[in-house]
Amino acid sequence: MVAPPKDACSKLAELISVEHLPGDGVLLTVRPDLAPGEEVAPLDPNRFFMLRREDGLSPRIPRPFSIYREQPRTDGPPDLVFMVKVIGDGTRALAESRPGEKLRLIGPLGLGWPSFTEPANETPWVFLAGGIGSAPFFMAVEAISNGAEMAELRDEAAPTPAPFLLYGAGTKDLVYDVDAFAELDCALHVATDDGSFGFQGNVVTLLEKLQADGSIPDKIRIAACGPMPMLRAVERFATANDLECYVSLEDLMGCGVGICNGCVVDTKPEGSLGAWPNAKCCVEGPAFRTDQIVL
Ligand SMILES: Cc1cc2nc3c(=O)[nH]c(=O)nc-3n(C[C@H](O)[C@H](O)[C@H](O)COP(=O)(O)OP(=O)(O)OC[C@H]3O[C@@H](n4cnc5c(N)ncnc54)[C@H](O)[C@@H]3O)c2cc1C
Ligand code: FES
């Protein structure tokens with residue numbers, strides 16, 4: 001039985017700000033209630049928290065959201081920022097909440113992404129983000145640039161080259177917070193289905209085009225997060241080209257800590273998780289290698 005992470009806890013938190021993005025997105029900045037001297041454990045990219053309002057206006061079951069980024073403060077531990085797409089009751093209640101309100105915050109949960117910097121490897125990462133699936137990539141890009149900065153201080157080669165981020169969505173308004181991504185140390189390319197912003201098409205066709213014109217090398221490693229049809233297309237591309245590939249699943253979740261079996265995903269018998277026919281996305285994921293699970 002896979003246990004919940006040891007550093008996870010359930011806390012109240014204060015909502016510091018709610019920033020509405022164009023389209024249906026919102027940025028929530030949240031400050032956990034901490035005892036004096038208490039700190040939030042360092043957060044790895046793509047760990048997630050279960051969130052709900054505490055005033056009874058959220059559904060009782062909190063909803064899972066990736067940590068998007070941390071907002072440093074001079075007078076205390078950083079605030080946590082979540083990027084939320086409004087799709088139903090839970091996300092709407094969060095988006096309609098006001099600064100000063102109390103939220104329930106359970107986490108950090110899940111294992112996050114695999115390390116993008118260890119062991120050192122010069123094969124670049126290509127991050128493929130679909131819509132709100134961009135949220136777990138902000139801190140992933142930051143982690144790679146931090147690794148490069150540390151290496152420079154030690155006069156060593158960067159452990160991992162700067163990544164490529166291919167960010168796709170249906171239309172321009174669904175490319176959430178793109179200006180913030182544009183400031184990161186990565187090669188950002190945008191694609192929209194309707195051509196209203198960037199390349200017209202999806203992220204896989206954009207990747208094929210960028211490889212064909214030499215902007216991205218053939219030998220890459222892939223990490224993807226987005227809707228299931230996109231993840232299946234990414235898996236087909238990676239398998240056809242014999243590429244290492246991770247996908248992060250945004251499954252429905254009941255508990256987030258391995259108890260309810262609400263988030264199981266089938267495993268491939270020949271893969272490294274295959275002794276049991278399924279894995280729990282909340283405690284064994286949310287990211288899996290594509291040779292471990294059936295999408
Ligand atoms: C590990 C993890 C990280 C996530 N990170 C983020 C994030 O950073 N930002 C973000 O906006 N969302 C994220 N999600 C998805 C988010 O949890 C759901 O959108 C949310 O739970 C929906 O709650 P709701 O009450 O608004 O919708 P509900 O009322 O629960 O659902 C409304 C409708 O949408 C469908 N639905 C619900 N969730 C999903 C889903 N994940 N995929 C497809 N259809 C769904 C339901 O079946 C229903 O038809 C993440 C999910 C996981 C598992
Ligand atoms: S969400 Fe309950 S077991 Fe994963």
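In this predicted model, ligand 1 lies between domain 1 (9–109) and domain 2 (125–250), because both domains give residues to the shell around it.

**Surroundings of the ligand**

In total, ligand 1 is surrounded by 21 residues, and P64, K85, G90, T91 and E250 are the closest. Sorted by class, the shell around ligand 1 consists of 12 nonpolar, four polar and five charged residues.

| Residue | Protein atom | Atom of ligand 1 | Distance |
|---|---|---|---|
| E250 | backbone N or O | nitrogen | 2.5 Å |
| G90 | polar backbone atom | oxygen | 2.7 Å |
| S66 | polar backbone atom | nitrogen | 3.0 Å |

On its own, ligand 1 has 890 Å² of accessible area, and the protein covers 72% of this area. Two of the residues in the table, G90 and E250, are also listed among the closest to ligand 1.

**Backbone features**

Which residues are joined by a cis peptide bond with omega of about -5°? They are E118 and P119. The proline of this pair, P119, is located in the loop that connects strand 7 (102–109) with strand 8 (125–130).

A cis peptide bond also joins G285 and P286, with omega of about 10°. P286 belongs to the loop between helix 6 (281–284) and strand 16 (287–289).

A further backbone feature concerns D242, which is not a glycine and yet has a positive phi of about 55°. D242 is placed in the loop that runs between helix 5 (228–240) and strand 13 (245–248).

Definitions and conventions. Residues numbered from 1 in each chain as written. Chains lettered and ligands numbered in written order. Predicted model: local features only at pLDDT ≥ 70, side-chain atom pairs only at ≥ 80, totals over all residues. Heavy atoms only, no water. Near = heavy atom within 4 Å. Polar contact = N/O pair within 3.5 Å; in protein donor to acceptor, adjacent residues only side chain to side chain. Areas by Shrake-Rupley, 256 points an atom, 1.4 Å probe, with all protein chains shown as cover. Nonpolar A, V, L, I, M, F, W, Y, C, P; charged D, E, K, R; others polar. Domains from an automatic or database assignment. Helix = DSSP H or I, 4+ residues; strand = E, 2+ residues; numbered from the N terminus.
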